[in-house]
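Please keep the sequence and the model in view while reading.

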Amino acid sequence: MSFASPLFLWYFMPAVLLAVLAAPRGWRNGVIAVGSLVFYTCGAGATTLLLLSCMVVNYLAGPMLEPDEWELSRTRRRTLLGCVIGFDIAALVVWKYAGFATQQFASLAKLFGADLPVVHLALPIGISFYTFHHISYVVDIYRGERPALRNPVSFVTYIAMFPQLVAGPIVRYREIADQLPQQRRHRLDDLASGFPRFALGLSKKVIIADSLGPMVDACFATPAHDMTFSVAWLGAIGYTLQLYFDFSGYSDMAIGLGRMLGFRLPENFARPYSSVTITEFWRRWHMSLSRWFRDYVYIPLGGNRHGVAKTYRNLCIVFALTGFWHGANWTFLVWGLYHGSLLIVERGFRWESAPASLPARIGRRAATMLLVIFGWVFFRAPDLGKALTMLGHMLVPDPHGLTDVVAAALTNQRTVILLLALVIVLVPATPVTGPYLESTRSRPAAALRVAVMTLGLAYATILVATGTFSPFLYYQF
C-alpha cells in the first residue's frame, strides 16, 4: 500500500488518524501497532511472518541485554548480542542476497560446464529498514543508552510504525524511546503541524518525481547503439532529480505522518544538492542512514582514532556496506566504493571543509554536483555495462540529439517540470523546506503552507485519482 495510492490517502490514513484521536491515551500505541501490521500485510503478504519472527527474537532478547551494575563479566551479554545481530543479518542476507549470490556461483559454474540452481526469493518489503531498526534496538540496550521495552505493544509500535517501516527514515532506538510511553499526549496541533509536511511530500512525489519517471526510463532503456550524449545527460540529470524528489518526498510524508500520530521522526534530507563537498553531501543525503552507519559500524571499527590507514579502511568498509545495503547488484557496490573513494580523496587533500569565498563555493558546488550525477548512473543502471556505456557518452560530446523514443517521452509538461526541479535544487542551501514549513510561523512559511495545501495538494490529488502515481523508488531496497 503506497502512501500515494487512493486506498491509503482516502481510506487507511483517515481511519487510523480518527482511531488514534478517538482512542483513550493508553490505547493509542495499540491502534498504531495494529494499523501498522495491517498496512504492512497488505503489501508484504506472507513475508509478514518474517517481520513477526524477527520482532519476537529481538523483543525477547531485549531485557537480557540490559547491563547490570553487579555484573562482573559482559561475556554472556556480548555473546547474546552477537547471536541476535547474527540472526537479524542472516535474515537480511538470505532473503535479499541469496538470489544474487547463487546467480554468481551459477555463472561461474557454467564456465566449467556445470549447471547450478539459482535461488529465487521474494524480497520482503522494507527488510533493509526494519533489520537496521532491530539492530539499533538491541545495541542501544546493550550499551545502556536506553532500557528494554517490556510492553510488546510499544515494541511493535517502534519497529512496525507504518510511516517509517517501508522506506525510513531509519529511527535509532534511542531517538524514539522516550516517545513510546502509552500516556503520550496527542494534540490537535500535531495534526496541524504534520499535515502540511505530508502534503509537501505528496506533491514532490506525485507532481515532480512521477512526472520525470517515464522520461528517465526511456533514457536508461536506450540501446547502446542508439545512445547519444544528449540522451545520456538527460537520463542522468533526470534521475538525479527524480530520485531526490521521490525519496525526500517519501521522507516528508513519513515525518508528517509521524507528527500527526504524535511522534517526531528524525530528518532525512537537508538540501543535499547544495553541498560543496562529497563529505557535506553525505551529511545532507539520507542522513538517518549515514548516522546509523556512523554509530553502529564506523565508530565501532575505530572511526578515525587509529591513524590514516585505518580511517581509510573503515570508510571503504562502510561505503561498501552502504552500496550493497541498497541492493544485490554489482552496480550498488561500485556506487558505494565510488563515494567512499571520493571521501578518501577529500580527506587526503583536506578538501572536506567548505571554502570561504563565494566563487570557490560556487565552483566546488558545481563539481560536487557533477560527481554525484556520475555516481547516480551506477545507482540507476541495470548493470555495469549499461552504466559504463552511459558514462562514456556523457564524457564524449557528439552531434546527435535525442532518439525518437526519448523525444516522445520528453513532453512539454515534463520539460517544464524538469526545469522547475532544477531551479528548486539549485537555490541556496537554506532554508530546508520541510522543517521550515513545519515549524516556522513567519509569513513566508505561512504562505508556503497555504500553497502546498491548496495548489500542490489539489494537483497531486488529481494525479493520484487518475492513476498516474507509481511506487516509491526506495520500496525496492
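Q: How many cavities of 30 Å³ or more does a search of the whole structure find?
A: The structure is a predicted model. Rolling a probe the size of a water molecule over the atoms shows where empty space is left. In the largest cavity, that space comes to about 30 Å³. At a threshold of 30 Å³ or more, the number of cavities found in the whole structure is one.

Q: Which helix supplies the largest share of the lining of the largest cavity?
A: The residues that line this cavity are P272, Y273, S275, F281, R365, T368, M369 and V372. By class, five of them are nonpolar, two are polar and one is charged. The largest share, four residues, belongs to the helix that spans residues 358-380, namely α15.

Q: What is the volume of the largest pocket?
A: The lining of this pocket has 20 nonpolar, nine polar and five charged residues. Helices α9, α10, α18, α19 and α20 each contribute at least two residues to that lining. The volume of the largest pocket is about 670 Å³.

Q: Of the 34 residues that line the largest pocket, which are the closest to its centre?
A: The helices that each supply at least two lining residues include α9 (188-220) and α10 (229-260). Also among them are α18 (412-426) and α19 (433-439). Of the 34 lining residues, those closest to the centre are L200, K204, F245, I424 and T433.

Q: Is R271 buried or exposed?
A: R271 is located in the loop between α10 and α11. Although R271 is not a glycine, it has a positive phi of about 50°. The relative accessible area of R271 is 8%, and buried means under 20%, so R271 is buried.

Q: Why does H286 count as buried?
A: H286 belongs to the loop between α11 and α12 (287-301). H286 is not a glycine, yet its phi is positive, at about 40°. A residue is buried when its relative accessible area is under 20%; H286 therefore counts as buried because its relative accessibility is 1%.

Q: With which residues is T279 in contact, leaving aside its neighbours within four places in sequence?
A: T279 is part of helix α11 (residues 278-284). With a relative accessible area of 14%, T279 is buried. Leaving aside neighbours within four places in sequence, its contacts are L343, E346 and E352.

Q: What is the relative accessibility of S357?
A: S357 sits in the loop between α14 (330-348) and α15. The C-alpha atoms of S357 and V153 are separated by 53 Å, and the two residues are 204 residues apart along the chain. S357 counts as partly exposed, because its relative accessibility is 39%.

Q: What is the radius of gyration of the chain?
A: The chain has 20 helices and zero strands, and its C-alpha trace spans about 75 × 60 × 55 Å along the principal axes. Of its 477 residues, 53% are buried. A compact globule with 477 residues would have a radius of gyration near 23 Å, and the chain agrees with this, at 23 Å.

Note on methods
Residues are numbered from 1 along each chain as its sequence is written. This is a predicted model: local features need pLDDT of at least 70, side-chain atom pairs count only at pLDDT 80 or more; totals for chains, interfaces and linings use all residues. Side-chain values use heavy atoms; hydrogens and water are left out. On a 1 Å grid over the protein atoms alone, a cavity is a set of points where a 1.4 Å probe fits but cannot get out, and a pocket is an open set with protein on both sides within 12 Å along at least five of seven lines; lining residues have an atom within 4 Å of a point. Grid points are joined across faces, edges and corners, and a volume is the space filled by probe spheres set on the points. Ala, Val, Leu, Ile, Met, Phe, Trp, Tyr, Cys and Pro count as nonpolar, Asp, Glu, Lys and Arg as charged, and the others, Gly among them, as polar. Buried means under 20% relative accessible area, exposed over 50%, partly exposed in between (1.4 Å probe, protein chains only). Contact means heavy atoms within 4.5 Å. The radius of gyration is taken over C-alpha atoms; the globule rule is 2.2 Å times the number of residues to the power 0.38.
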